[in-house]
Amino acid sequence: MDKNLRIKALVILATVLISIYGIIGLPKSKDELANNWKKNIRLGLDLRGGSHLVLQVQVQDAFKAEADADIERLKEDMGKANITFGGLERNDPSSLADADKIEIQIKGVPVDKAASLRTLVSEKYDAWVFGSVNSSDYRLTMKPTKSLELRRDTLARSMATIESRINGLGLAESTVQQRGRSDAESELLVQLPGVDDPARIKQILGTAALLEWYDVKDGPFATPEQARMNFGNALPLNSKLLRSAASADAGEAWYVVSRAPVITGRDLRNARPQQGELGKWETGFTLNQEAAKRFGRYTETHINKRLAIVLDGQVKSAPTIQARIEDSGRITGARDQQDASDLSLMLRSGSLPASVTYLEERTVGPSLGADSIQQGLVSGVVGLIAVVLVMLVYYKRSGINATIALVLNALILIAALAYFEAVLTLPGIAGIILLIGMAVDSNVLIFERIREELRSGKGVVAAIDAGFSKAFLTIIDTHVTTVVSCAFLFIFGSGPVKGFAVSLVIGLVANVFTSVFISRFIFDWETSGKKQLAELSI
Amino acid sequence: MELFRKTNFDFLGKKWPFIIASLVLTVAGLGTMVMKGGPRYGIDFRGGVNMAVKFVQTPPVDKVRSALSSKISGEISVVENRTDNELLIGTELKDEKALDAARKTMQETLAATFGGTSGKLDLHNTGAQALVDRLRDPLQRASVPMNDQQLRDLTKGILAYRDGRPNFGIIQNLDDLGKVQGVTPQVLNVIKQEVALAPFAIRNTEVVGPKIGAELRNQAILATLYALGGMLVYIAFRFEWIYGVAAVIAVFHDTVITLGLFSIFDKEISLTVIAALLTLVGYSMNDTIVVFDRIRENLKLMRREKFEPLVNASVNQTLSRTVLTSSLTLLTALALLFFGGQVLNGFSFALVVGIIVGTYSSIFIASPILIYWTNRSGVQGKGSGGEKVATAAAPKAVAK
């Protein structure tokens, strides 16, 4: 063998060894081999089972909350500054796109107080732009920079909360990503491999879990009307109505509570499921030091009054304060242990700053994934055998050459997928199977050219040489066009379609190497050393 | 072995029957599409709920359909896959908020129609955590010595048995669980008390909101258009711009015919079908380029030849490659169609159709366009004369 051929042989051998190493590593036992294979060949959700969720963060909720908080502050500040007003409220943007349109309306301000109101807002409320509607009514609109910041911040906080809930559930290999543009779309893509009860997960991820404790002013009432009647048809200032859910022993009820909560979920240090009286499951929680002090002072002065424990705007219970409470409490009424532990997980991971809605869910059960792998394997093997048989019959000994190139092509492709940490999906398997067909096209192009050259009277070595060089340009042109279409598939496609494009492109690149370089090497190796080769089995 | 040796079929002389056949197919496809009010998009593109449900026995399609249509308004499609006893159930939904409810209704309706499990846990449609919780106390009561980790391993084993080969989701009889490691007769007794088997298993659920659906549809259309544009630019760069135009028209023709056949056979266009369409765009382009490449080469070799016979000779020279490659690729696509299962059915159907159409469009669509254009511009520009006509469309010399 001449030196040139030897170097080529080394290159090919090295490629094959690196590929094999990438797929199975250096296993010492059969188990290790299986493990390495499993580790390196990453299966997509559609093959291993799991859930793919797209959720949309309803950012307008955070805008409303921001406005509400500032309204409370304004009331206080205006009181201090002796600015009287007739009404102070916000509008109610209902959709994501309208979030920026949030505004606070201040009505009925005396003309002589307008200047001091303007100064107050510009000094202490830098998120808002002060504008006047008429001589007594004013409007605050949110600054664009502030609203952009609020959008991003809300999305980032939601993402962090969802991430920590997923971690709390112990779901390995799950991912949370932003989807689309952060300033406009507010969408998160959550991928949960191996999840087998998506309904529960969706519930956990989608619950706001905002815990608040309110001072109960009166209640319970059977209807909101009754509650209002009790206060002479108008709720007292700084109070609001909250509903409690109907339970087994009591129907729906309404409470009049203070407007601002005594403590909130942000003051929590820990939460855990526990068994209370009669062995019923409940969620116990502990407050952080600062809140515990505040809560201790509060309960001391409010003994025999009632507190409402409110979760996501719904009264869970309204116990009477018996004694000073320092730092712990509980939420009763869990259905079972799982219910209690799910709630404690949600409380531990903090509340979502805005509600979320689900735009998409794709859940593949593990049995379907296993089934798909089997079907993919069967069709791959059947396709491969059919192609190999035809090549062997049609091109005789050169068919073996093509077969070697084909097998190495598949090997390099799988290894590249492993090295790039690409994920193998069902369309990805389809892409590989299709690649078998396209890979063999390169060999057919070359072989047909060699035959033509042989027919035109060239010698074997010269025919091989001409065949390869003439077919090479065609191969490049055909491959580049396919790569171009795959590139767009990758850019615009989503999830599984991306996997398909990746498999196909890697396969095509590997194909240039196997069909041109390796096939050529095999021909050269066959013909080397033989001065006059009369015939080529092709 | 050789299929064709030195053939000289007059392909381009016989182009008209094929062009007419193409036109008929295109019109028929577009016609049915118009009649049916546009292409039949799958849930991916419309928004809705899709469920793959595997049954223990041959599924009663009509029963499922009538049970669901009494509960859910809107279009309901039930497609049967006989070999697997599997049904694909789809409901279309326009409202984002109703999606989750519809999914729940579908599950509940199935359970109600095919017999619940009378308070027991349905092993076919449960997750690991629920099974652990359900078995923990009864096992303790039956005084089976087992710690939490052992219990988890046990349920993992049971679910792996359910999902793996050869069951793939359906267990015929609870007694079969005796084969699972750790399931002693004592444990099996407890399992039988607590767990039952519904006659079906939901294996796949897809819930797509209309917003995402519209987004995916736009993405797919954009991907196709950009891919075509990108290829046009590449071919124009490598050959002449008219080669790019001819190739893109041929490929567009393939796409339209394939979509038309989807409409005629009433198949749904899903995300994977779009992937297949783009693949066949690449494939058909391949085929066209091989012919064009030969034309480019022959233009240098046969300077005296008129353009049309030259193209015809090029088609003949590449014929054995064309036939061999197409049939080999067709073989792999057919393997996918027959063995690839329900999920890939649309994908493989598009490929099979696309490979056939794509192969003949290179010969009967792309090449005639090239000849037509060359003859026309030749007549306009430089008068008659075969040699000049041929060089008029000769591509730039390509450096090797």
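Strand 15 of chain A and strand 16 (residues 314-317) of chain A pair in the antiparallel sense over three bridges; helices (H or I, at least four residues) and strands (E, at least two) are DSSP runs, numbered from the N terminus, and two strands pair if DSSP finds at least two bridges between them. This is a predicted model, in which local features need pLDDT of at least 70 and side-chain atom pairs count only at pLDDT 80 or more, while totals for chains, interfaces and linings use all residues. Residues are numbered from 1 along each chain as its sequence is written, and chains are lettered from A and ligands numbered from 1 in the order in which they are written.

Back to the hairpin of strands 15 and 16 of chain A. Two residues sit between its strands, and A:Asp312 takes a positive phi near 50° there. A:Leu311 has A:Gln314 in strand 16 of chain A as its bridge partner. Strand 15 of chain A also has strand 9 (residues 211-221) of chain A as a partner, again antiparallel, this time over five bridges.

How well covered is strand 15 (residues 307-311) of chain A? Five of its five residues are buried, where buried means that 20 or more other C-beta atoms lie within 10 Å of a residue's own (12 or fewer makes it exposed, anything in between partly exposed, with C-beta atoms placed from the backbone). Both faces of the strand are covered, with A:Leu307, A:Ile309 and A:Leu311 on one side and A:Ala308 and A:Val310 on the other.

A:Ala308 turns up again in the largest nonpolar core, which has 222 residues; A:Ala308, A:Leu489 and B:Leu351 are the ones with the most contacts inside it. A nonpolar core here is a set of buried Ala, Val, Leu, Ile, Met, Phe, Trp, Tyr and Cys residues joined through C-beta atoms within 7 Å. Apart from this core lies another one, of eight residues, including B:Leu131, B:Val187, B:Ile191 and B:Val195. As for B:Leu351, setting aside residues up to four places away in sequence, it touches A:Leu434 from chain A, along with B:Ala276, B:Thr279, B:Leu280, B:Ala333 and B:Leu336 from chain B. Two residues are in contact if their C-beta atoms, placed from the backbone, lie within 7 Å.

Now for chain A as a whole. It splits into domain 1 (3-48 + 366-527), domain 2 (60-144) and domain 3 (210-348), with bounds that come from an automatic or database domain assignment. The C-alpha centres of domain 2 and domain 3 of chain A are 30 Å apart. Chain A has 15 helices and 19 strands. Its radius of gyration is 35 Å, well over the 24 Å that the globule rule gives for 538 residues, so chain A is more spread out than a compact globule; the radius is taken over C-alpha atoms, and the rule is 2.2 Å times the number of residues to the power 0.38. The C-alpha atoms of chain A fill a box of roughly 115 × 65 × 40 Å along the principal axes. Buried residues make up 42% of its 538 residues.

Chain B has 14 helices and six strands. In chain B, 46% of the 400 residues are buried.

Where do the two chains meet? The contact takes 62 residues from chain A and 67 residues from chain B. On the side of chain A that touches chain B, the largest share, 18 residues, comes from helix 11 of chain A. That side divides into 33 nonpolar, 20 polar and nine charged residues; Ala, Val, Leu, Ile, Met, Phe, Trp, Tyr, Cys and Pro count as nonpolar, Asp, Glu, Lys and Arg as charged, and the others, Gly among them, as polar. Strand 18 of chain A runs antiparallel to strand 6 (residues 200-208) of chain B, joined by five bridges. There, A:Arg362 has B:Glu206 as its bridge partner.

B:Thr332, in helix 12 (residues 319-339) of chain B, counts as buried because it has 28 C-beta neighbours inside 10 Å. Leaving aside neighbours within four places in sequence, B:Thr332 is in contact with A:Gly383, A:Val387, A:Ile433, A:Leu434, A:Ile436 and A:Gly437.
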